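Me: I'd like to learn how to read a few features of a protein model. Could you take me through one?

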Amino acid sequence: LGWLRGWKQKGWRRKEGELKNADLWQTLDALLQAHKVQFVWVKGHAGHPENERCDELARAAAMNPTLEDTGYQVEV
């Protein structure tokens with residue numbers, strides 16, 4: 001997660017300018033400090049059941065014209 005460290009050192013900005021969703025990245029950073037997390041790369045569209053389910057949910061949400069963004073709540 002070197003890119004996350006770099007954004008943090010640059011005041012949550014990218015070399016090219018604005019970092020989109022900086023608030024979400026900051027929340028993720030705080031959560032990573034509080035928990036032991038291991039990221040595992042999973043090839044997309046390769047039959048992995050959990051990955052396929054996430055893709056299905058993301059597509060359904062993206063195709064829903066009435067989908068409201070109700071925000072998110074995270075306890076750090």
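Me: Let's start with D29: is D29 buried or exposed?

Reply: Buried means under 20% relative accessible area, exposed means over 50%, and partly exposed is in between (1.4 Å probe, protein chains only). D29 has a relative accessible area of 9%, so D29 is buried. Keep in mind that this is a predicted model, where local features need pLDDT of at least 70, side-chain atom pairs count only at pLDDT 80 or more, and totals for chains, interfaces and linings use all residues. Residues are numbered from 1 along each chain as its sequence is written, and side-chain values use heavy atoms, with hydrogens and water left out.

Me: Where does D29 sit, and which residues does D29 touch?

Reply: Helices are DSSP runs (H or I, at least four residues), numbered from the N terminus. D29 belongs to helix α2, residues 22-34. Contact means heavy atoms within 4.5 Å. Leaving aside residues up to four places away in sequence, D29 touches L4, K8 and W12.

Me: Which residue pairs with D29 in a salt bridge?

Reply: Side chains of opposite charge can pair when their charged atoms come close. The cut-off is a side-chain nitrogen of Lys or Arg within 4 Å of a carboxyl oxygen of Asp or Glu. K8 is the partner of D29, at 2.9 Å, N to O. K8 lies in α1 and D29 in α2, so this pair ties together parts 21 residues apart in sequence. K8 is partly exposed, at 43% relative accessibility.

Me: How many salt bridges are there in the whole structure?

Reply: A search finds 4. One of them joins R53 and E56 (2.8 Å, N to O). These two are 3 residues apart in helix α3 (residues 49-62), so about one helical turn separates them. R59 and D55 also meet in a salt bridge, at 2.9 Å, N to O. R59 counts as exposed, at 52% relative accessibility, whereas D55 is partly exposed, at 22%.
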